[in-house]
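This report covers pockets, a cavity and helix packing. Please have the structure open while you read.

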Amino acid sequence: MDYRDHFDFMKNRNKFFTISIVLLIVGVLVTSIFGLNFGVDFKAGTGLDINVGQTVTKEKAEEVFTGINLKPSVVSIGGNNDHVSARFDIILTDDQIKQINAAMVSTFGDKVSQEVNTVSPDIARELGLKAIYAVAIASIAICIYVSIRFEWRFALAAIIAILHDACVVIAMFAIFRFEVNLPFLAAILTTIGYSINDKIVIFDRVRENLRFSKIKSTQDLSNLLNNSIWQTMRRNVYTVLTVLLAAICLFVFGSESIKLFALAKIIGLTSGAYSSICIASPLWYLLKNKSLSSKPRATAVKE
């Protein structure tokens with residue numbers, strides 16, 4: 001089926017590239033100037049998970065901390081509204097931890113129990129490096145897989161696009177100052193996995209269409225790629241919407257501790273669907289078109 005009357009993605013590729021480049025530049029500038037808003041997982045500090053044994057509000061929990069002059073940087077309520085999660089940007093001493101426990105017991109009764117998680121500067125740096133290694137290893141593994149299954153042009157386009165998706169999530173969290181923690185890293189890695197799925201679907205259709213098409217010009221290549229995108233559009237939209245709906249439900253109905261993970265997933269899934277069509281496919285088009293242009297032309301026969 002010919003989709004020439006549909007939207008031409010290849011013709012508008014420079015607009016898509018511009019949008020992505022501007023967003024990523026803003027993200028880089030904000031990150032360079034202000035840095036990321038790291039949570040306690042990636043910077044030195046202490047986290048307390050306190051089960052107070054009864055329903056508690058965020059305001060009531062903050063009131064307890066204020067009463068002993070130990071105000072956390074982040075306070076959230078979880079579980080059945082009976083768990084208080086408090087994150088401090090400093091490493092609490094044993095006396096301060098006992099003081100908090102005593103204040104909670106005094107306010108909520110003897111059923112109070114608390115779990116303490118302390119991250120030292122060395123552990124924070126190690127976690128940060130391991131996060132970078134995890135993303136790098138996942139990206140390299142995907143690149144190798146796509147190279148084996150398809151060809152290097154598909155692999156290069158795919159790896160640039162999935163790194164684009166990871167950077168978009170990071171840029172949005174940097175711009176809006178959302179907290180970056182271990183669940184955020186999990187969201188980045190799962191985003192990479194879901195993102196490559198959309199790209200594989202499109203690239204597989206492109207490869208299939210290449211077998212039955214004779215590409216003689218740039219326009220032929222553009223038509224083939226646009227047709228491949230539109231042929232897989234319904235499948236990709238349904239797949240993304242299914243996972244996106246689950247992520248939105250997590251964000252709306254989930255506890256505070258999982259909201260940022262769900263938000264990162266929402267951004268990543270949206271970016272992945274966009275980049276599969278508007279970044280990865282045009283990048284492959286440019287690489288393939290360059291190889292067509294480099295082919296020697298047939299010598300004209302002299303009369």
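## Second largest pocket

H4 supplies the largest share of the second largest pocket's lining, with five residues. Helix H4 spans 121-149, and both H4 and H6 give at least two residues each to this lining. The second largest pocket has a volume of about 330 Å³. Of its 13 lining residues, Ala131, Ile132, Val135, Ile170 and Phe184 are the closest to its centre. By class, 12 of the lining residues are nonpolar, one is polar and none is charged.

The model is predicted: local features need pLDDT of at least 70, side-chain atom pairs count only at pLDDT 80 or more, and totals for chains, interfaces and linings use all residues. Residues are numbered from 1 along each chain as its sequence is written, and side-chain values use heavy atoms, with hydrogens and water left out.

## Terms

Helices (H or I, at least four residues) and strands (E, at least two) are DSSP runs numbered from the N terminus. Ala, Val, Leu, Ile, Met, Phe, Trp, Tyr, Cys and Pro count as nonpolar; Asp, Glu, Lys and Arg as charged; the others, Gly among them, as polar. On a 1 Å grid over the protein atoms alone, a cavity is a set of points where a 1.4 Å probe fits but cannot get out. A pocket is an open set with protein on both sides within 12 Å along at least five of seven lines, and lining residues have an atom within 4 Å of a point. A volume is the space filled by probe spheres set on the points.

## Largest pocket

The largest pocket has a volume of about 650 Å³. It has 24 lining residues, and the closest to its centre are Val74, Ser76, Glu179, Glu256 and Ser257. Strands E2 (45-51), E3 (74-78), E4 (83-88) and E5 (113-119) each supply at least two lining residues, as do helices H2 (58-67) and H8. The lining holds eight nonpolar, seven polar and nine charged residues.

## The cavity

The structure holds one cavity of 30 Å³ or more. The volume of the largest cavity is about 60 Å³. Its lining includes Thr191, Tyr194, Asp198, Val243 and Gly268. Helices H6 (182-211), H7 (218-253) and H8 (256-293) are the elements that give two or more residues to this lining. H6 gives the most, with five residues. The lining of the largest cavity has five nonpolar, six polar and one charged residues.

## H1 against H5

Helix H1 (residues 13-34) packs on helix H5 (residues 152-175) at an angle of about 50°, with axes 8 Å apart. Axes are lines fitted to C-alpha atoms, for helices over the stretch in contact, and angles run from 0 to 180 degrees between N-to-C directions. H1 and H5 are therefore oblique to each other; angles under 35 degrees count as roughly parallel, over 145 as roughly antiparallel, 65 to 115 as roughly perpendicular and the rest as oblique.

The contact (heavy atoms within 4.5 Å) involves residues including Leu23, Gly27 and Val30 of H1 and His164, Val168 and Ala171 of H5. Its residues divide into 10 nonpolar, four polar and no charged.

## H2 against H3

H2 and helix H3 (residues 94-108) pack at an angle of about 130°, and their axes lie 10 Å apart. H2 and H3 are therefore oblique to each other. Lys60, Val64 and Phe65 of H2 meet Ile100, Ala103, Met104, Thr107 and Phe108 of H3. The contact of H2 with H3 has six nonpolar, one polar and one charged residues.
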